[in-house]
Amino acid sequence: LGWDRLATRSGWRRAALGVGLAAVASLAIRRDPGSIALLAGLGACVLAIGAALLFDSAGESITARRPRRFATVRAGFWGALALVLLADLGPWARAFLPSGRPEWFLPRAAVIDALDREVGQNAWRVVGQELTLYPSLLASYGFAELRPHNPLAQEKILATLDAAFGFRPSRMRYFAPFRGIDHPLLDFLNVRVVVSKEGLPRPRTLRRIRAEGLGPFRLWRNPNTVPRWFLAEGADLVADRDLSVWIAQMKNPRRVALRVEEVDPAEPLDFEPVGGQSLGSLGSRPGDLRLRLPESPSAEADRLLATSLPGPAGWRAFGAAQRLRTVSVNGGYLGVRVPATVRDVRLTFRPPGLAIGLALAALALVIIGWLLVVGSHTRGPGSDTIGARPPL
């Protein structure tokens, strides 16, 4: 675009003229505040570099008299220009998004409306039998899914889903079927509705949902589903190598498996029996959940807060101004040991490695800025070789 010549003495006037003509043509087409602000920023950059290149009273260019100052001005110009262009890329890219209205790309059908009436948005999970309504499609409509659609999904979660439902995506079978929907793990995973189709096996433990206009689809309600977070009725210590067998033989969705590798043998494993007590919500937002546990009749026995939230990596639990211990339940889901005296629990999530990633990104930006400044000082004025004839 000719920006490489903007900082040279011979080309900045022509560059300013070109920017001016482009600005006039652009404003003739569209005069919204965003376009005006963008062109004003570009104009300010051009004027700044032009002012730095003006001859002083002695008739000597600032590039020759004060090369270091000019190098600093030039580095600042490139930084300002980059910020202006990035500010333009944001609204430009946003114009290609559906602005929070996925129905522009995914028209609603009768089966989606029936799911909305049955579970609402994010209240319960939904799953498709076999290859019906693959997880990426259900998630696009706002329904919580239990099947990961991610080549970097956690191995422990995939192993658990494979043991119960035969769901195991791989390089050879990217779209894996979801079978065995009568397994009790379906209750643990908070699945309220199963979407099926004509010709697929009829479930034994689910109830048919009658709705009009479904075509070949069939909806099945799970009457025994467990909330996404609940107090476990008991726990078994299971080694990683034996987890698949334990999951396959699972009978009670409220009794969970704890990893032997995470539990201290000296810690008591006898949790207080809860008998179906429900938990209250004190408010939630993405990555921050507050729960109210029922009052404990015992002053000594701990309770096990089990969830079907993928984890426990990244999750932290707090209660009564103390950090609570998180554990893995059923292979790859979040669990929390809650003392009997704690009733209010707060769960927060931070992606693992986020702090280190931000620190490395900030360090990289500092290094890049330092290299730009040092490079400008090293080259000095008049060292621009763009367009020069190569040696013979």
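A nonpolar surface patch, as the term is used here, joins nonpolar side chains within 5 Å of one another, drawn from residues that have over 30% relative accessible area and no salt bridge. In this predicted model, such a patch of about 700 Å² is made by Ile 356, Leu 360, Leu 363, Ile 367, Trp 370, Leu 371 and Val 374. One of these residues, Leu 363, is found in helix α10, which spans residues 354-379. Leu 363 has a relative accessible area of 48% and is therefore partly exposed, since that class lies between the 20% limit for buried residues and the 50% limit for exposed ones. As a general point, an α-helix has 3.6 residues a turn, so residues three or four places apart point the same way.

The protein chain has 10 helices and 14 strands, and of its 392 residues 39% count as buried. Its accessible surface comes to about 22,600 Å², with 59% of that area belonging to carbon and sulfur atoms. Among the contacts in the chain with a separation of 6 or more, 61% are accounted for by residues 24 or more positions apart.

The largest nonpolar core has 38 residues, of which Phe 188, Leu 189 and Val 256 touch the most other members. At least two residues of this core are supplied by each of α7 (155-165), α8 (185-188), β2 (191-197), β6 (234-238), α9 (243-248), β7 (255-259), β10 (303-310) and β12 (322-329), and the element that gives the most is α7, with five residues. Apart from this core lies another, of 16 residues, among them Trp 315, Val 336, Val 342 and Val 345. Returning to Phe 188, and leaving aside its neighbours within four places in sequence, one finds it in contact with Val 226, Phe 230, Met 250, Pro 253, Val 256, Thr 307, Ser 308, Val 329, Asn 330 and Tyr 333.

Just after α7, Gly 166 takes a positive phi of about 70°.

In general, most residues other than glycine have a negative phi, and most peptide bonds are trans. Asn 190, in the loop between α8 and β2, has a positive phi near 70° although this residue is not a glycine, and at 1% relative accessibility Asn 190 counts as buried. Ala 321, placed in the loop between β11 and β12, likewise has a positive phi, of about 60°, without being a glycine, but at 89% relative accessibility Ala 321 counts as exposed. The peptide bond from Gly 311 to Pro 312 is cis, with omega near 5°, and Pro 312 lies in the loop between β10 and β11 (315-319).

The loop between β2 and β3 (207-209) holds Gly 199, which is exposed, with a relative accessible area of 81%. The C-alpha atoms of Gly 199 and Pro 216 are separated by 9.1 Å, the two residues being 17 residues apart along the chain.

Charged side chains complete the picture. Side chains of opposite charge can pair when their charged atoms come close. With a side-chain nitrogen of Lys or Arg required to lie within 4 Å of a carboxyl oxygen of Asp or Glu, the count comes to 16 salt bridges. In one of them, the side chains of Arg 204 and Asp 182 meet at 3.6 Å, N to O. Arg 204 lies in the loop between β2 and β3 and Asp 182 in the loop between α7 and α8, so the pair ties together parts that are 22 residues apart in sequence. At 71% relative accessibility, Arg 204 counts as exposed.

A buried example is provided by Arg 259, which has a relative accessible area of 14% and forms a salt bridge with Glu 262, the closest N and O atoms being 3.0 Å apart. Salt bridges that share partners join Asp 240, Arg 259, Glu 261 and Glu 262 into one network.

Note on methods: Residues numbered from 1 in each chain as written. Predicted model: local features only at pLDDT ≥ 70, side-chain atom pairs only at ≥ 80, totals over all residues. Heavy atoms only, no water. Patch = residues over 30% accessible without salt bridge, like charges linked within 9 Å, V, L, I, M, F, W, Y side chains within 5 Å. Areas by Shrake-Rupley, 256 points an atom, 1.4 Å probe, with all protein chains shown as cover. Helix = DSSP H or I, 4+ residues; strand = E, 2+ residues; numbered from the N terminus. Buried < 20%, exposed > 50% of the residue type's maximum accessible area, 1.4 Å probe, protein only. Core = buried A, V, L, I, M, F, W, Y, C linked by side-chain atoms within 4.5 Å. Contact = heavy atoms within 4.5 Å.
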